[in-house]
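Hi everyone, thanks for coming.

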Amino acid sequence: MRIGQATAVPARHCPDFFGWAQRNQRPSHFPARSCRKRKQLSRTGFLFAVSGSCGLLGEWVWVARAGASSDTAQPHLAKVQVQEPRWNLAERLGPGSGQPREQLADHLALVSSTLAFNLGCDPLEVGELRIQRYTEGSISPEDRGSCSLLPGPPFARELHIDIVSSPNYSTSGNYDQVLYRHFQTPRVVQEGDILCVPTAGQVETLEGRLERLPRWHEVYFKVKKTIGDAPGGLSGAYLADTTHTSLYMVGSTLSPVPAHPSGGQSLWGGLSPPGLEALVTSLCAILKPCLQPGGALLTGTNCVLLRGPPGSGKTTAVAAACSRLGLHLLKVPCSSLCADSSAASEAKLQTAFSRARCCRPAVLLLTAVDLLGRDHNGLGEDPRVVAMLRHLLLDEDPPSSFPPLMAVATTSRAQGLPADVQMAFPHELEVPVLSEGQRLSILQALTAHLPLGQEVNLAQLARRCAGFVAGDLCALLAHSSRAACTRIKNSGSGGSLSEEDEVELCAAGFPLLAEDFGQALEQLQTAHSQAVGAPKIPSVSWHDVGGLQEVKREILETIQLPLEHLELLGLGLRRSGLLLHGPPGTGKTLLAKAVATECSLTFLSVKGPELINMYVGQSEENVREVFSRARAAAPCIIFFDELDSLAPSRGRSGDSGGVMDRVVSQLLAELDGLHSTQDVFVIGATNRPDLLDPALLRPGRFDKLVFVGASEDRASQLRVLSAITHKFKLEPSVNLVNVLDHCPPQLTGADLYSLCSDAMTSALKRRVRDLEEGLEPGSSALLLTMEDLLQAASRLQPSVSEQELLRYKHIQRKFAAC
């Protein structure tokens, strides 16, 4: 059932009537069957299923939770309002309320958050409603025959209310005009109920001070007492308006409040934000026990530390949990608590906790808590601030602190927290990595009301966004919109549009195409790779890799086969490590990138020396961070280039601190942990496998060694040269076989690339000379001639000598025999 005085009035402004989407006639008193709630509930209404329809148009009814005793659940008065035509849930209630163009079906009703809160309904549990005509509960049987149709409740002579303390508005403000406008329409009031009064358009709430601008669209009041003449039977429910009722605001009170409905049209303002449902449920499970009297004695201090990368939705999850439990939320950035001296920081910290205590039950959200407790240089700890924070978090007296005050701290740098601060939080939660399905659900929610081109495939886009957090997906939509705007503007006459045309174009809207998403995704992935080394899918295909057919086959059998046949993973038939060894320049890195592209895997390239750090323990932390990023971007390939510099044989490194030995041990531990992660593969490349620690080469780690040698026969060299030159424009007279005949016999892929690079340089010099002499127009394409290639071939020297090739082959035979 949905609250609404009329169809056109938003529910958050009219919390005293509920809507009914039925037409058939049934008896007036009936029980409601068990209901199915939707997975995502709008903040402006909750869904319940009832057993049938009845003719209650315009009547006053009592509504109560089925199965609840009269001592624990008082029935509430509401008025039936039939909603015709049937609502489009997604349009009327905002994102998350239903599928696009879904209508309110039979036997379903919508209830506003305020009425559901006053009824004591839990938005996360299956419940029932019982509805009874007002006349059946409040008029004696002998008077029913003489009563008029559709009788209503009496008006209250006096209404005493308290303002509910909240961090979002001042309890000492002047709300006379707000309340007068609200009660110009008769409202149902009952003792103990919470009233949600809108403040939109009321200048009086400014209170003459700029810092008290109304950040909240509603002010909450609690009915303390009602005085009036009630008929026999049930009492306590009255109508109140400006004509018949005298209103008295006594003072302030502490009370939970309904879910704030003004953010109902926001995607991230609901009770179940997409992609964060499990995290919100975990937060509610931790916070809910303390809301019962004496619950804190059993659960202890309810302080939660929430870890996750920036933009992962930590604050959004805490706000959703507070909305589910009816808690006030006071958000305090810890950057605002830092001061020039320890005493000033302590005072600000105490002020924040004191302000939160004044509006219990509340959650004090400390964002970026790792900023607290640091000295001015940011290198050491400030013991005074740390001690004060621990005192405020742990030294609360549970019996005297009901309603409770709970603290939730967020951080994106858990390793930067002082140990004493981290120990003050008995509960720790980590924002889980978004799966492909969760990324798809977020993209579908973000694009629900956007025009998309027919070629846009959100499932494929979600697959390419591996490792993205919710904030990254929002940025992807913003970048795509800007790319679409640029594309539309450039498509105008001469690439320029007048200001009026641009305004009309923006008002009319334009579709987002696949090329817009592709451009935005490339920008974001480039930015992430430069900032934090985020994985990305490379754009290298098998066409770019010439020759090496046997090597390709072995690699695909190791990586692609388990991905295509998941039943093999259950049997334990899985190899997670692959080591490519051979002379330099043979295409080991190119092979790894091609495998990632062909198997649709993200690619994380790591150079061995870049993980080594001068600080104790930082090198091992860098290794752990690499594998953590790979697990976040699964399915993923980690490519360790120059592996011999990262994992030499232990006991031979010669460093006094044993840093390399600890790095090798950390790498071995991470490789052993890959067996619990099915979609992370590791490929290593080295020129000297004989220098590696032997423990790396045992089964279960780098258990498959693949030799990538130089191209010795002309057929393989021709395939490599064709792969390199397929992007060039060659003259028709160019014969690649003749070019190879003028080259040395033993060539690597890097040698052939050098040949093409030298030929292109000769072509550029010839082109510049012809342009200066006016022999050739500037618009003609640059062509590689046979002469350019032959000149480059005559100067080509192999990068790997015959002696070195023999040594690499000896190493190959040595490891092949092991």
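**The sheet and what packs around it**

Okay, so let's start with the open sheet: 5 strands, in the order β16-β17-β18-β15-β19, with parallel pairing. Strands count as paired if DSSP finds at least two bridges between them. The elements themselves are DSSP runs numbered from the N terminus, with helices being H or I of at least four residues and strands E of at least two. At the edges stand β16 (328–333) and β19 (427–430), each with a single partner strand, so one side of each has no neighbour in the sheet. On average, neighbouring strands here are turned by 20° against each other, ignoring direction.

Before I go on: this is a predicted model, where local features need pLDDT of at least 70 and side-chain atom pairs count only at pLDDT 80 or more, while totals for chains, interfaces and linings use all residues. Residues are numbered from 1 along each chain as its sequence is written, and side-chain values use heavy atoms, with hydrogens and water left out.

Inside the sheet, β15 (residues 303–307) is joined to β18 (residues 405–411) by 5 bridges, and the two run parallel. For one spot to look at, Arg307 stands opposite Thr411 in β18.

What lies across β15, β17 (362–367), β18 and β19? That's helix α5, residues 277–287, running at about 175° to β19. Contact here means heavy atoms within 4.5 Å, and axes are lines fitted to C-alpha atoms, for helices over the stretch in contact, with angles from 0 to 180 degrees between N-to-C directions.

Now a helix pair. Helices α8 (residues 342–357) and α9 (residues 383–394) have axes that come within 9 Å and cross at roughly 15°. Leu349 and Phe353 of α8 are among the residues making the contact, and so are Met388 and Leu392 of α9.

Another pair is α11 (residues 436–446) with α13 (residues 470–490): their axes come within 10 Å and cross at roughly 40°, so these two are oblique to each other.

Last stop, salt bridges, meaning a side-chain nitrogen of Lys or Arg within 4 Å of a carboxyl oxygen of Asp or Glu. The structure holds 14. One of them joins the side chains of Arg157 and Asp229, at 2.9 Å from N to O. Arg157 is in strand β9 and Asp229 in the loop between β12 and β13, so the pair ties together parts 72 residues apart in sequence.

Conventions: Parallel < 35°, antiparallel > 145°, perpendicular 65-115°, else oblique.
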